[in-house]
Amino acid sequence: MKKIGVNVLKLDALEKVLGASKYGGDYSFTDLLHLKVVRSNRPHAKIIKVELEEALKVKGVERIFTANDIPGRNLVGIIQKDQPVLNLDRVRYVGDPIALIAARSIEAAEEASQKVNVIYEELPPIFSPEEALQPFAPLIHEKGNLLIEFNIIKGDIQKGFKEAEVIVEKTYTTTWVDHAYLEPDGGIAFWDENGRLTIICPTQNVHYDQREVASFLGLPLEEVRIIQASTGGAFGGRLDITIQCFLALAAFHLKKPVKIVYSREEVFQVISKRHPLKIHYRSGAREDGTLTAVEVDILGDTGAYASYGTTVAIRAAVHATGPYEVPHVKVRSRMAYTNNPWSGAMRGFGVPQIAFAHESQMDLLAQTLKMDPIEIRKKNALRVGSETATSQTLIASVGIGETLERIKEWRDKVSCLKEDPERPYVRRGIGIGSMWYGIGNTGIANPSTARIELNPRGEVKLYIGVADIGQGSDIVLLQIASESLGTELGEIQLIRADTSLTPDAGATSASRQTYITGNAILRAIKNLKEEVIKEASHLLNENEGDLFIEDGEVKHRQKLCLAIPLQEVAIRAKKTIRGEGIFNPETTRLDPDTGQGIPYATYAFATHLAEVEVDIDTGRVKVLRVIACHDVGKVIHPKNVIGQIIGGVAMGVGFALMEEYIPGQTVSFVNYLVPTSKDVPEVIPILVEDNEPSGPFGAKGVGEPALIPSAPAILNAIADAIGERIYHLPANLERVLEAAQKSKQR
Amino acid sequence: MEITLKFILNKKPVEVGVPPHWTLLRLLREKLGLTGTKEGCGIGECGACTVLLDGMPVNSCLILAPKVEGRRVETVEGLGSRESLHPLQKSFVENGAVQCGFCTPGMLMSAKALLEKNPKPTREEIKEAISGNLCRCTGYQQIMEAIEAVGK
């Protein structure tokens, strides 16, 4: 393989270092109108009246839209359509949109937005999922405040705990986390020359956006075109509709180009968050460390709208045991509506939260049993032939054991002096965190379609709907295509993430694009090759059976001098030859009562080791180094994989130690801290390539797995350093200091 | 009301009319069409809008446009060209320092200011120099390696 496992230059990097790459906010038109959203300042209220008169008097205001101006369905949502684009009679969180201003200048739009007067009638707000699920609690949505309850029942939980010789039972909580992608949402909309309403914006899924915008406007699908702008990070925050429908509504009515750019404050206020989860976890094990039972109760806060709440509840439950074989499992996972900001998809869909719990439990079990934390994990680690909590038998590519083995080698090298004679206030510790992560959506169809063509001009064009959000899917998918086609990378033109040109690849989420679209590309190329052989047989007057394709050329089994480049076939045939491929991973629907089934076709695995230093006088934690060992299947582009891992660790440091979104208070990076260059540890990535037979050249995925084990490893390292465990994320200065003091008192 | 400003932008003199309350960032992006400089927060917390003012890295969202009268401003567009990349640009591409790319222009300008002052910085000095530039994708390591590689 020449193109797989090598570091080729990332396609977009050149444009980006030149400052030439265009993000949503970089687009402009001369006669542009600027948009500004008027939002609710109440968490829960009826809208009695929206007074627009004063706002309309502001010079430069072109028009103000309300829900009454929406021609189609005024509800969006990836799973449940429960979120109005503009609210007519009710608001459910501080930030809920009510009106949309279009003006000739940003200043006019801003000024008018201050002058819209909304008269409310307050409704009792609910700020916790426990409150929301009380009998007779005020209803946030008509169907009730419980969004979902999902259960996993495997074996006999009572029997499992009877067999246990030790039981550890604890409660863990996590809070809201913001994606903090660096580019505030911004984009433009206009009618193109073919009469299509066109939107250029940051997104993780152009085809989803297209469906939502079309039904919102009541337009046929083909009259809406979504083009992905260069996207300044996403991490799940751009899976939901953000600015698309606002742009669509204004351009639809005004027939002029329109632009919207959110302020950072607005991004903090209105973009989805990571779900806060409360996790009650009970584990049972034999004296030798073998897990006998795991019982978990998860309660999450999805906020005002469903978004990905259902997905997070299910995915957290499915991954609740961690990468371990457990014979008896019972999980109840619920998600409730509240009047808090809405939570949605964020890198890992609930797995980073649940991993914090299962990895703390493993260390507590090891401590109780006086076992080595790595040994107890190895003893229980999934392997080929193991059965998961959903009774899926793993048949290949289960690299968790090897990641533990490799981390053990490192751990044995790390001589960790707990104390520093020079600095008596410092304690050092090391911690382990492991994880597993199912690639693709959970137990539901999530296909991707790819198309490739050779045209009579001798061009090779690959059409994929995949949104590259910076992680580098463009180059990875081109590598897969180029290897399979036998052509040079530079010979293939990539056309991507434009609904009018590319087929539907589904979302850039769930670490799925390398595996799923990679496979769709392989199928498209197989199909293309068949078509090329047919065409060549016709052109050359040879039997199809005598022809084959090798190294990008059509060859003849007997006539060894015959070798025609694939492109040449299309040129000579004077026609475009196309190949199309669809791939949908093999999963089954999970049983609605017991959660049993095959949620994913394959899983990624990882183990991190974190070395930390804790200042017991201030509570400050410094993560010194993280050894991050990942089984991603075959590595297609090492530098990209390593980039994901190092970036994931940094996000994990934030999740572990500092990131805490507080509704109503968090408005900027002044009070929402994300790791800077001075906060991140040295990261040593180790790649384990346990090839996945169903993956493209053996690949799986890495985007979310990169983040997941870091926080658990850091939290375990803090416990190792100070001898006291923290059960609430983030482990900020106050919590660490409190734990350190508790430890001193003992 | 607009005032006329004269200053040196990417080594060339410019003369431009601008409302006096505009920031340098807005002037660059909206009047001069230089959208390479990004706005990530608008209050000087993220560093995405970093440009060099008389060789010093500044957050252009915090500098009022009239302040640059008679001074020297450098943006990412002045760094190198497609045909002839600046060594830092080349190194960022080669070292995997670019993911979403939104922090990249500001990061490059902070790095340039550092290397002009200190051609062979240590890892700690690099960390310090880019500590005002947030990056959410890369975890900074490959960025630091890219800067280090140019310094060597």
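A crossing of two helices is right-handed if the near helix is turned clockwise from the far one by less than a right angle. In this predicted model, the crossing of α16(A) and α17(A) is right-handed. The crossing of α2(B) and α3(B) is right-handed too.

**Helices α16 and α17 of chain A**
- Helix α16(A) packs on helix α17(A), residues 710–722, at an angle of about 50°.
- Their axes are 8 Å apart.
- The two helices are therefore oblique to each other.
- On the α16(A) side, the contact is made by Gly648(A), Val649(A), Gly652(A), Val653(A), Phe655(A), Ala656(A) and Leu657(A).
- On the α17(A) side, Ser710(A), Ala711(A), Ile714(A) and Leu715(A) take part.
- By class, this contact has eight nonpolar, three polar and no charged residues.

**The largest nonpolar core**
- In soluble globular proteins, nonpolar side chains tend to be buried together.
- Here the largest nonpolar core has 292 residues.
- Leu100(A), Ile101(A), Leu247(A), Ala248(A), Ala250(A), Ile714(A) and Ile718(A) touch the most other members.
- Helix α16(A), residues 638–657, gives the largest share of this core, with 11 residues.

**Helix α7 of chain A**
- Helix α7(A) spans residues 244–254 and is mostly covered.
- Nine of its 11 residues are buried.
- Among the buried ones are Gln244(A), Cys245(A), Phe246(A) and Phe252(A).
- Leu247(A), Ala248(A) and Ala250(A) are also buried in this helix.
- Beyond its neighbours within four places in sequence, Ala248(A) is in contact with Ala189(A), Leu197(A), Ile199(A), Val213(A), Phe216(A) and Leu217(A).
- Lys255(A) follows the helix, and its phi is positive, near 55°.

**Helix α9 of chain A**
- Helix α9(A), residues 309–318, is mostly covered as well: nine of its 10 residues are buried.
- Buried residues here include Gly309(A), Thr311(A), Val312(A), Ile314(A) and Arg315(A).
- The cover over the buried residues includes strands β7 (146–154), β13 (277–285), β14 (291–303), β15 (328–337) and β17 (423–438) of chain A.
- Helix α10 (351–369) of chain A is also part of that cover.

**Helices α2 and α3 of chain B**
- Helix α2(B), residues 87–94, packs against helix α3(B), residues 104–117, at an angle of about 125°.
- The axes of this pair are 10 Å apart.
- α2(B) and α3(B) are therefore oblique to each other.
- Leu88(B), Gln89(B) and Phe92(B) of α2(B) meet Thr104(B), Leu108(B), Ala111(B) and Lys112(B) of α3(B).
- By class, that contact has four nonpolar, two polar and one charged residues.

**Where chain B touches chain A**
- In chain B, 37 residues are in contact with 42 residues of chain A.
- Helices α2, α3 and α5 (141–151) of chain B each give two or more residues to this side.
- The side of chain B that touches chain A has 18 nonpolar, 14 polar and five charged residues.

**Ala573 of chain A**
- Ala573(A) sits in helix α15(A), residues 566–573.
- Ala573(A) has 17 C-beta neighbours inside 10 Å, so it counts as partly exposed.
- Setting aside neighbours within four places in sequence, Ala573(A) is in contact with Glu535(A) and Leu539(A).
- Val532(A) is 41 residues from Ala573(A) in sequence, and the two are 9.9 Å apart in space, C-alpha to C-alpha.

Notes:
Residues numbered from 1 in each chain as written. Chains lettered and ligands numbered in written order. Predicted model: local features only at pLDDT ≥ 70, side-chain atom pairs only at ≥ 80, totals over all residues. Helix = DSSP H or I, 4+ residues; strand = E, 2+ residues; numbered from the N terminus. Buried ≥ 20, exposed ≤ 12 C-beta atoms within 10 Å, placed from the backbone. Contact = placed C-beta atoms within 7 Å. Axes fitted to C-alpha atoms, helices over the stretch in contact; angles between N-to-C directions. Parallel < 35°, antiparallel > 145°, perpendicular 65-115°, else oblique. Nonpolar A, V, L, I, M, F, W, Y, C, P; charged D, E, K, R; others polar. Core = buried A, V, L, I, M, F, W, Y, C linked by C-beta atoms within 7 Å.
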